[in-house]
Amino acid sequence: MWKKICAFISPLLVLGLIIIPLTGCGEKPPTQEISNAEKSISEAMQKEANIYAPDIFSKAEESLKMAKDLLAQKKYKEAKKAAEDTVALSQQAISQVEPGKSKMKAEIDQIVLDVQKGIGELKGLLAKSPGQLGPRERKETEELIRKWEKDMGNIKTMMQEQKMREAHEQLMTLNTEVSSKKQRLIAS
């Protein structure tokens, strides 16, 4: 009886040893998906998603890092999913670039008005109080106003060149400087 059982089981074992390597253990590494994810991050970066949709873009970068880590751990199914998520997040970030630019442009327009108003108020303070400021303070303020007006011209050029982030950062600094100088003049 053992002979019959062994005769029956033996071919099944051999067949099992052949089939298992062919089917199961070997998931393929998702190299194409990882490559697609890297390309999508690069495309998003070129379209400035890192500037205008930074939250979503950073999630895409984290997802790509996770995909690569999972690939290194040979967790191919999870790596493939993370790579596909990266592509989706990158595309989402790209779709947010134009609305982000529009929002930043609106903020810039408001800050430009604030800076121009502040410079105008400083000029008015200088005109109204010719004797209240010392000659050194007056000269320093006039030089600052000329510098700021020149800076405003450079910022407008940046805006025309669609360098909104740089324009925004410089405007924020300029607005702070103008406001600070105005407060010091008002206090004195």
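Predicted model: local features only at pLDDT ≥ 70, side-chain atom pairs only at ≥ 80, totals over all residues.
Reader: How many helices and strands does the chain have?
Author: Helices (H or I, at least four residues) and strands (E, at least two) are DSSP runs, numbered from the N terminus. Along the sequence the pattern reads α-α-α-α-α-α-α-α. The count is 8 helices and 0 strands.

Reader: Which share of the 188 residues is buried?
Author: A residue is buried under 20% relative accessible area, exposed over 50% and partly exposed in between, with a 1.4 Å probe and protein chains only. By that definition, the buried share of the 188 residues is 30%.

Reader: Are α6 and α7 roughly parallel or roughly antiparallel?
Author: Helix α6 (residues 97–128) and helix α7 (residues 135–160) pack at about 160°, with axes 11 Å apart. Axes are lines fitted to C-alpha atoms, for helices over the stretch in contact, and angles run from 0 to 180 degrees between N-to-C directions. Angles under 35 degrees count as roughly parallel, over 145 as roughly antiparallel, 65 to 115 as roughly perpendicular and the rest as oblique. The two helices are therefore roughly antiparallel.

Reader: Which residues of α7 make the contact with α6?
Author: Contact means heavy atoms within 4.5 Å. On the α6 side, the residues include Ile108, Val112 and Ile119. On the α7 side, they are Arg138, Thr141, Glu142, Ile145, Trp148, Glu149, Met152, Lys156 and Met159.

Reader: Is Ile108 buried or exposed?
Author: Ile108 is found in helix α6. Not counting residues up to four places away in sequence, Ile108 touches Met159, Met164, Ala167, His168 and Leu171. With a relative accessible area of 0%, Ile108 is buried.

Reader: What is the phi of Glu48?
Author: Glu48 is found in the loop between α2 (31–46) and α3 (49–52), and is partly exposed at a relative accessible area of 26%. Its phi is positive, in a residue other than glycine, and is near 65°.

Reader: Where does Gln162 lie?
Author: Gln162 has a positive phi near 65° and is a residue other than glycine. At 40% relative accessibility, Gln162 counts as partly exposed. Gln162 lies in the loop between α7 and α8 (164–187).

Terms used: Residues numbered from 1 in each chain as written. Heavy atoms only, no water.
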